[in-house]
Each structure stands twice: as structure tokens, then as C-alpha cells.
Amino acid sequence: MTSNVTQLKAREEIRPRIALIAHDANKDEMAQWATFNRGTLSRCSLYGTATTGKRVSDLVDLPVELLLSGPRGGDAQVGAMISEKKLDAVIFFWDPLSSQAHDVDVKMLLRLAVLHNVPIACNRSSADFLISSPLFFNQPYFAERQAAN
């Protein structure tokens, strides 16, 4: 006998897509931040530039899709993901005291995040505020943002 009962789909869990990037002087801080926020990050889809992503993945035992190293094109990959609406947030611990060979990539990431209205946190405090926001896992908020894009 077949059933005529329609199964209702469970509401899909929101999995914010987050890019993790840290300059060399900030990799320890990123690792500490990721460890502290492991529970929240476990509910996200994570992307990371090569060294940062591998370090976070190894330390907190979470899957991180690895991109290229920042100076070798990883920053540009993140920029493309922002432009293609494939990221919901960027955590970018960059070093404001050291000149980087790829400083133009840093400026590009900041510009694209602002242009495409993607939140970007550039230090531990702003990253904590970003992922602890009540909007971070809010279904209506994400639906509205995706509809606007």
C-alpha cells in the first residue's frame, strides 16, 4: 500500500560561507581565534588561503577548502568569490605594519568586500563581533541578502 502523505523537507541549515586569510605575522592570532570559535565555525563552510587554511584545518579539525597561497593568487581567488556572490563573510587578519609584495591584493579584497556588501573583519575583535551577531545564522536575513544579489 502506498502512502499519500507528503513529506515536508526540513528547513535547510544556514551554513555561512567564510574565507579565512592571515598574513604571516597574524597566523598565530588566526589559529587562536579559530580555536576559540571552533563551535561556530563548525556550522560554516570554510575556505582558506593555503597556509592559513591548512593550519586552521589541522588545529581545529574542521574541513577547509584550500585555495592558493595569498601572494600566488589566493587573494585573487577570494576576490573572485566575493564578486561571484560565493562568500558571506571574510575574516582577513592582515598586517598593517609590514609592507607586503601583494599590497594591491589587500586593497582589492577590501574594495570588493565593500563594493559587494560582504562583511570583512580585519582583526580579532571585529571577527568576534561578526560571527556572534544574531544575524549570522538568521534564515530570513540570508534569504533577503541572496534575493538582493
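Colleague: In what sense do strand 1 and strand 4 pair, and over how many bridges?

Modeller: This is a predicted model, where local features need pLDDT of at least 70 and side-chain atom pairs count only at pLDDT 80 or more, while totals for chains, interfaces and linings use all residues. Residues are numbered from 1 along each chain as its sequence is written, and side-chain values use heavy atoms, with hydrogens and water left out. Strands (E, at least two residues) and helices (H or I, at least four) are DSSP runs numbered from the N terminus, and two strands pair if DSSP finds at least two bridges between them. Strand 1 covers residues 17-22, and its pairing with strand 4 is parallel, over five bridges.

Colleague: What order do the strands of the open sheet have?

Modeller: The sheet has five strands with parallel pairing. Strand 3 (64-66) and strand 5 are the edges, each pairing on one side only. Read across, the order is 3-2-1-4-5.

Colleague: Which strands does helix 6 touch, packing on the sheet?

Modeller: Contact here means heavy atoms within 4.5 Å. The direction of helix 6 makes about 160° with that of strand 4. The strands touched by helix 6 are strand 4 and strand 5.

Colleague: Is strand 4 mostly covered or uncovered?

Modeller: Take buried as under 20% relative accessible area, exposed as over 50% and partly exposed as in between, with a 1.4 Å probe and protein chains only. A89, I91 and F93 point one way and V90 and F92 the other, and all are buried. With five of its five residues buried, strand 4 (89-93) is mostly covered.

Colleague: Which residues does M30 touch, leaving out those up to four places away in sequence?

Modeller: A nonpolar core is a set of buried Ala, Val, Leu, Ile, Met, Phe, Trp, Tyr and Cys residues joined through side-chain atoms within 4.5 Å. In the largest one, of 21 residues, M30 is among those touching the most other members, along with I18, L20, W33, L46 and I91. Strand 1, helix 1 (27-36), helix 3 (50-60), strand 4 and helix 6 (124-131) each give two or more residues to this core. The contacts of M30 are L20, I21, A22, T52, V56, I91 and F93.

Colleague: Are helix 4 and helix 5 roughly parallel or roughly antiparallel?

Modeller: Axes are lines fitted to C-alpha atoms, for helices over the stretch in contact, with angles from 0 to 180 degrees between N-to-C directions. Under 35 degrees counts as roughly parallel, over 145 as roughly antiparallel, 65 to 115 as roughly perpendicular and the rest as oblique. The axes of helix 4 (74-83) and helix 5 (103-115) come within 9 Å and cross at roughly 10°. So the two helices are roughly parallel.

Colleague: How many disulfides does the count come to?

Modeller: The rule asks for a pair of cysteine sulfur atoms within 2.5 Å. C44 is buried at 4% relative accessible area, whereas C122 is partly exposed at 25%. By the distance rule, the count is zero.
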